[in-house]
Amino acid sequence: MKKLVILVCLVFACQAGCQKPSPLTVEPTIESPAGSLLVVVLGSPDTNITVSPIDSTGVLPTDQTGYSGLFLVNTVKYDNGHGALSTAYASAYFGDRNRPLVVNGKVVGYYGIDLMPSAISPLQMGGIPMVRYPYKIHIGSRDTTFGYMYRASLSPASLKPKTSFDWNDPGPDPRLSPFQDSVQTPEDLIVQAPAGGSVLSRLKQVDLRWSGNGNIVIVISTFNPVTGKTKPVLQLQPAVNTGKAVIDPHVLQLLPQVRNFVFTFIIANRFDRLLGGVPKDRILVQAASVHNIYVQLQ
């Protein structure tokens, strides 16, 4: 296979401080017109709002900071080469944009609104009652509780592909009540390559192979094996989901010079909408199949 040709030159060091992602188109060889990748360098979100890691949520930091509410249904696989772990959950959060938490002049989060008026009228997803938890924002070396969030642990087998799940919120907030939306789970996503625990060379192309139809993106993040923290760096989006793609060495050179990375494959059904016509109160509803592959680059 001929090497892919980078059409738009981009210096990674110049992009590190950018606030908005920048696209980098990677063209395929003539023999494989469906194998093209859109490569986006992921900058930091526009604010200092605390965000959850994409390897568990399947939602980019820019989306987490851009929406007032996140209603997620996810199946997540983790593969580090020592056995794959699968989990599934539903989570819900709606932040009050009128109640920001400001630290040293910077907004670090928004108050999580109570969506559950009483224990006998809980927030439900697919008829499953969700549990209310304190919404915690990490500031420095401590966590600050600022409102509420909701979560329900599910069996991965219960989230069958192409199954519709309904959100139903009887909560007291007029912006959400009544809140009723339905989302369908995508096809099950299984990654064949690279294998978890692989040691890859930055000087050679990396083959990607997976099964599962639908809109797919692959996010490459740095991974700290000591703290478990990740930081998304690149987003790869195939022009067509053919179940395979190739990362050119030129793209790998955009990655930081660290050793540990996680490739997060995401197939998601998602939509967003306004609540009550208020532009800042936009919510994201998403059902996703997420498969994380932990690798090393040398």
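Strands, labelled E, are DSSP runs of at least two residues, numbered from the N terminus. The exercises below use a predicted model.

**Exercise 1. Overall make-up**

Task: State how many helices and strands the protein has, and what share of its residues is buried.

Solution. 
1. The protein contains four helices and 20 strands.
2. It has 298 residues, and 49% of them count as buried.
3. The accessible surface comes to about 14,200 Å², with 55% belonging to carbon and sulfur atoms.
4. Take the contacts between residues at least 6 apart in sequence: 62% of these join residues at least 24 apart.

**Exercise 2. The surroundings of Gly126**

Solution. 
1. For Asp166, the separation from Gly126 is 40 residues in sequence, while the C-alpha to C-alpha distance is 4.9 Å.

**Exercise 3. Strand E16 and its partners**

Task: Describe the cover of strand E16 and its pairing with E19 and E17.

Solution. 
1. E16 spans residues 216-223, and seven of its eight residues are buried, which leaves the strand mostly covered.
2. E16 runs antiparallel to strand E19 (residues 260-275), and seven bridges join the two. Val217 has Ile266 as its bridge partner in E19.
3. The pairing of E16 with strand E17 (residues 230-238) is also antiparallel, over six bridges. Here the bridge partner of Phe223 is Thr230.
4. E16 and E17 make a hairpin with six residues between them. Gly228, in the turn, has a positive phi of about 80°.

**Exercise 4. Salt bridges**

Task: The structure holds five salt bridges.

Solution. 
1. Side chains of opposite charge can pair when their charged atoms come close.
2. Asp63 lies in helix H3 (residues 61-66) and Arg270 in strand E19, so the pair ties together parts that are 207 residues apart in sequence. Asp63 is buried at 17% relative accessible area, whereas Arg270 is partly exposed at 39%.
3. Glu187 is in the loop between strand E12 (179-184) and strand E13 (190-193), and Lys162 in the loop between strand E10 (142-154) and strand E11 (164-169), so the bridge ties parts that are 25 residues apart in sequence. Glu187 is partly exposed at 25%, and Lys162 is exposed at 55%.
4. Asp272 belongs to strand E19 and Arg282 to strand E20 (residues 278-297), with 10 residues separating the pair. Asp272 has a relative accessible area of 32% and Arg282 one of 30%; Asp272 is therefore partly exposed, and Arg282 is partly exposed too.

Conventions. Residues are numbered from 1 along each chain as its sequence is written. This is a predicted model: local features need pLDDT of at least 70, side-chain atom pairs count only at pLDDT 80 or more; totals for chains, interfaces and linings use all residues. Side-chain values use heavy atoms; hydrogens and water are left out. Buried means under 20% relative accessible area, exposed over 50%, partly exposed in between (1.4 Å probe, protein chains only). Two strands pair if DSSP finds at least two bridges between them. Contact means heavy atoms within 4.5 Å. Accessible areas come from the Shrake-Rupley method with a 1.4 Å probe; for residues, only the protein chains shown count as cover. A salt bridge is a side-chain nitrogen of Lys or Arg within 4 Å of a carboxyl oxygen of Asp or Glu.
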